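This report describes a predicted model, with attention to strand pairing and helix packing. Please consult the sequence and structure shown below.

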Amino acid sequence: MSEDSEKSTRPEDKRYESRGKLKLAGKDLNYEATAAWLSLKDGDTRKADIFHTYYRQSRGSASKRPLTFVFNGGPGAASAYLHVGTLGPKRVECGNEGSLPAAPARLVDNQECWLAFTDLVFVDPVGTGLSKTAPQEQPAEGKEKNPTDTSYWDANKDLDALCEFIAAFLSAEGRWASPIHIAGESYGGYRCARLVRMLQEKAGIGLSGAMLISPAMEWDSLFASRFNSLAAAIRLPSYAAAARRHGRCGNSRKGESLPAFLLRAEQFALGEYLPAVAAASGEAPLTDKFIASLSQWIGLNPEQLTAHGAMPAIDSFVRGLLQDQGKVLGLYDAGTTTDDPFPGS
């Protein structure tokens, strides 16, 4: 980094570069990394600074290598989860079951890094990580100086900002000739679905591909009330798979593959479960036989199921399945567990 950038107070003038080596499939992969900000502007006025980390292979010309822009969800999450959890050259070290080892956290080579087949740009959308709106230098009369600018905390404004960023990045780094991809997790999957068309129409960027990682596309299934029987039916196969993973599914069959098991769970969810819970009422409550059958599928005991009207919410399930062991399941990966910090709650 130059001396001038050290003295500059503008994030867009700061740029940090390094080199690294990753061993993949027994071969060394050399890469270059750049951490920097890119400014979004309205005319000559700087509106926001987007932080990003750019990885590229060191050898050969980068112009024809695929380039993938990556963002997490939330929508208030920075890119750290996919960066050091899934796709980057380094990841946070975890135990075999996904548990975190004792502090301090350690970074290790990521054998699943996507750099083997694409360069990567991890993006912090405005309002997340190190991406912020620019300070207001001349506030309107009667307004306090530098108030928090929440104009980007809007679905459409967020998408516009990402369109502008991607186009500006391609120009700054000379990557317009590269096959362009986008990848998003959770709310980032929603971003991807919308950006496929927006990038073409607003920035003239034709994508070569879009990858949606556990996308949040059907919001009602995530935030449904106990009165939404369809959302409960959609969640049930995932509950059953988690119960099977932890030895709490009575309907698991020895030697049965997971796809075959999930097919049976889906058939139960739509064929028996959904009609029963949709029709249940005070005058026609769910039968003990049905509750017992449901218990065999998802592992919660009949008392737990009755308390939740046979439609346990996600947070109730992850705390209820191994409650007798004082364990809680992971919300992102129900195959992982940790000690319940509030077992009496």
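Strand β1 (residues 15-24) and strand β2 (residues 27-42) run antiparallel and are joined by ten bridges; strands here are DSSP runs of E with at least two residues, helices are runs of H or I with at least four residues, and both are numbered from the N terminus. Two strands are taken to pair if DSSP finds at least two bridges between them.

β2 pairs in turn with strand β3 (residues 45-57), in the antiparallel sense and over twelve bridges. D42 stands opposite T45 in β3. Two residues lie between the strands of the hairpin of β2 and β3, in which G43 takes a positive phi near 70 degrees.

The residues are numbered from 1 along each chain as its sequence is written. Because the model is predicted, local features need pLDDT of at least 70 and side-chain atom pairs count only at pLDDT 80 or more, while totals for chains, interfaces and linings use all residues; side-chain values use heavy atoms, without hydrogens and water.

Axes are lines fitted to C-alpha atoms, for helices over the stretch in contact, and angles run from 0 to 180 degrees between N-to-C directions.

| Helix pair | Angle | Axes |
|---|---|---|
| α6 (residues 229-245) and α7 (residues 258-279) | about 145 degrees | 9 Å apart |
| α6 and α8 (residues 288-298) | about 60 degrees | 7 Å apart |
| α7 and α8 | roughly 155 degrees | within 12 Å |

α7 is therefore roughly antiparallel to α8, whereas α6 and α8 are oblique to each other. In this scheme, angles under 35 degrees count as roughly parallel, over 145 as roughly antiparallel, 65 to 115 as roughly perpendicular, and the rest as oblique.

α6 passes α7 in a right-handed crossing, and α7 passes α8 in a left-handed one. A crossing is left-handed if the near helix is turned anticlockwise from the far one by less than a right angle, and right-handed if clockwise.

Contact means heavy atoms within 4.5 Å. Residues of α6 that meet α7 include L236, P237 and R244, and their counterparts in α7 include F261, E266 and Y273. The contact of α6 with α7 divides into 17 nonpolar residues, one polar and two charged. Ala, Val, Leu, Ile, Met, Phe, Trp, Tyr, Cys and Pro count as nonpolar, Asp, Glu, Lys and Arg as charged, and the others, Gly among them, as polar.

Between α6 and α8, contact is made by L236, Y239, A240 and A243 of α6 with L294, W297 and I298 of α8. By class, this contact has seven nonpolar, no polar and no charged residues.

The protein averages a pLDDT of 88, and 91% of the residues score at least 70; pLDDT is the predictor's confidence in each residue, from 0 to 100. Over residues 1-6, pLDDT stays under 50. Where pLDDT is low, the predicted coordinates should not be read in detail.
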